[in-house]
Amino acid sequence: MPLAGVTAYFASRPLVESRLLRAWAAVVYAFLPAATGALAGGRIGTAVLAVLLPLIARAGIAASGLAHPSGARGSWRATWAYALLLTITTAFTPIVWPIALLLGAGLLVLRRSDITAYGLRFLAQLGTPLLVLAPWSLSLLPFGFFQEAGLEYGPSAASALDLLGASPGGPGTVSGLMLIGIVLAALAALLRSERRLGIWTAWTAALTGFVFAVLANSSTWSGPATLVYGIALLAAAALGADGARSRVAEQSFGWRQPVAVLIAFASAAGPLLVAAGWMIRGADGPLERRDPTQVPAFVAEESGGSDQARTLVLDSDSASHVGYMLVRGSGARLGDSEIAAADGENSRLDKVVANLVAGSGADQSDQLGGFAVRYVLVHQGAPRDVTRVLDTTPGLTRLSQQDGGALWQIDQEVARATIVPASGSGTPQTVAAGPVDIHTTIPAGSGGRVLRLADTASDGWTATLDGKPLTRTTVDGWAQGFELPATGGTLDVTYDDPVGHTAWLWAQGLLAVVLVVLALPGRRRDVDDDLPEEPAVPAQPVAGEGRRARRLRAQAEAGAEGAAQPDEFPPPQPDQPPAPVPQQNHGQWENAGYQSGEYANYGDQYQGAQYPADAYGQQYQADPYQGGQYDPYAYGGQPQNPSYDQQGYDQTGYNQAYPQGYGTPYDPAQQQHPHGTGSERPDGSQQ
């Protein structure tokens, strides 16, 4: 049940946005009467279906293309995922296959304009379960789809009101009135003007499940069909409840408000009472937890020896009807009943048990020994007449009585494999055997003897003696036997399935692997909501719109206003190169600034003067800064790098020998700048 609720919660995420509504739907789904009844009655098929059904619903919606409002086709990956889940659930509850068949046919009618594409998807979805589960799936045609895996307690015998409230009846279920609020909420969803396609799709699935529940109610348990009916009702109710509060509040007060309150109360109170009752009562009844060992410990231990003896378990509630099981080891295991049913009834064993319980007075030890029965166990609750008859039956000895049950032992040596004399009379010779195969050594004996196995004759049995095959025969009309020669040797007995059966099992495994690979999720190219999209919110308010529509419109208007207003902080502009500064005539600026004053003739002695040659013989030109060509900020022009010839360097002077020391002594009166080294000029530039 927790797994069913978890899968329902996550699978319903595209259905509605409200987490509270999704949680309510998941809890109600987990406590549907079909789910609680499956746990109480040991119906494994319905329990598996309860876990996988939400995933099947979501995969089916995605594969059908109903999730795309534009009418686009469903992806092939969703189709294969739906086929995989349908195959698994068909193996447990075959009734889901005809339900999917009818729903798929309805989809073909809806998509008849694109019948080729959807027809191929329909064949893949419905043909895959039949192919992978063949030949068992073919045996279900035409009316075998109502059975399921698990224990059987006969028909559900639910009333019409129970079926209407999604209750299949039987152990662990409640009355359909407890969930009548869900039905009313689903009906109220039909009044909603939005999400029409999703609501009608849910109601189509609900009606289909309800029809199959009615058909299954008279013959088998209708739990799987009512589970489909219940989850479809919950989907419709959730779609109708999404935004219902705001829609009802916008209407003027009238009959709608009280009716909505009553439906909401019934939808919440009914499932709450069901959940509380289940948690208080528990999941027991009639299925309950017990010790897996069904026979006494020493009996289970002894049956694992080389003779592989069996125990006949009798269970009866009246002297006129007796049930029995033939077990080995600690008792029956899950699936043994299905295997026994597939092998068919053993009329000879039925006759032996009937004579044993009826008290014919004959010695039953030989008849029971032929089936390798060493112990007879009567469970608690059997009538006293049964135990009294067994006490007086020749060949049986009571061993113990514990917890209301009694145990008897056969008064002769029994074994699964024996060597019977050719005449048929005499004491059989036991042969060490395993649960299935036999690998041992037998001694020599008389000719015409037969190896007898306490197993039903089948073509799968083979036996060899020292590597030589033995002739197969049938003993006592039902037991498997082999003709043995007079010589002894190594005996090997094996059971192998037919080659065709083994090959088909490998083919089924390969098909299952391919199906899983095809169903793996791929890279999503678009958002798949699995349900129809809601229509666009109108620009102007309309009557009866919900709170979600008003919120979306407010968000859209706020976004439009924000886009219309200029940004408070405009984005930074890209970097631009600095603007060039016009070249200035510094000579005119200096002359104009110092036409008068004590600095009027300052620096005139340097105008046009030439510097004396130094020790290198180099003659300097006039000061270039006074010519108006100096750019104090280096913005305007290119740097003027005069060549060596322009500066008056003698290119041949590098090869001459220079005298050591300075050629001319330092004279403080010569070549001294009036402002000193590093001082500023009147124009602000550095010298």
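**Starting from one residue**

Me: Leaving aside neighbours within four places in sequence, which residues is Val431 in contact with?
Reply: Heads-up: this is a predicted model, so local features need pLDDT of at least 70 and side-chain atom pairs count only at pLDDT 80 or more, while totals for chains, interfaces and linings use all residues. Numbering runs from 1 along each chain as its sequence is written, and side-chain values use heavy atoms, without hydrogens or water. With contact taken as heavy atoms within 4.5 Å, the partners of Val431 are Ser306, Ala417, Thr418, Ile419, Ile438, Thr440, Ile442 and Leu451.

Me: What separates the C-alpha atoms of Val431 and Ser306?
Reply: Ser306 is one of the contacts of Val431. The two sit 125 residues apart along the chain, and their C-alpha atoms are separated by 7.9 Å.

Me: Is Val431 buried or exposed?
Reply: Val431 belongs to strand β7; strands are DSSP runs of E with at least two residues, helices are H or I runs of at least four, and both are numbered from the N terminus. With a 1.4 Å probe and protein chains only, buried means under 20% relative accessible area, exposed over 50%, and partly exposed in between. The relative accessible area of Val431 is 6%, so this residue counts as buried.

Me: In the hairpin of β12 and β13, which residue in the turn has a positive phi?
Reply: These strands run antiparallel and share 4 bridges, and Thr474 stands opposite Gln480 in β13. The hairpin leaves 3 residues between the strands, and the positive phi, about 60 degrees, is that of Asp476.

Me: What is the pairing in the open sheet β2-β1-β3-β5-β4?
Reply: Its edge strands are β2 (321–327) and β4 (396–402), each with a single partner. Strands β3 (residues 373–378) and β5 (residues 405–410) run antiparallel with 4 bridges, and Val376 is partnered with Trp408 in β5. Taken over these 5 strands, the pairing is mixed.

**Helices and the whole chain**

Me: At what angle do α9 and α13 pack?
Reply: Axes are lines fitted to C-alpha atoms, for helices over the stretch in contact, and angles between N-to-C directions run from 0 to 180 degrees. Residues including Leu184 of α9 and Ala266 of α13 make the contact. The axes of α9 (residues 180–189) and α13 (residues 256–281) are 8 Å apart, and the angle is about 145 degrees.

Me: How far apart are the end C-alpha atoms of residues 259–280?
Reply: UniProt's unreviewed entry lists 259–280 among its transmembrane regions, and such annotations may be inferred rather than shown by experiment. This span is 100% helix and 0% strand, with its end C-alpha atoms separated by 32 Å.

Me: What percentage of the protein's residues is buried?
Reply: The protein has 21 helices and 14 strands. Of its 687 residues, the buried share is 37%.

Key:
Pairing = 2+ DSSP bridges.
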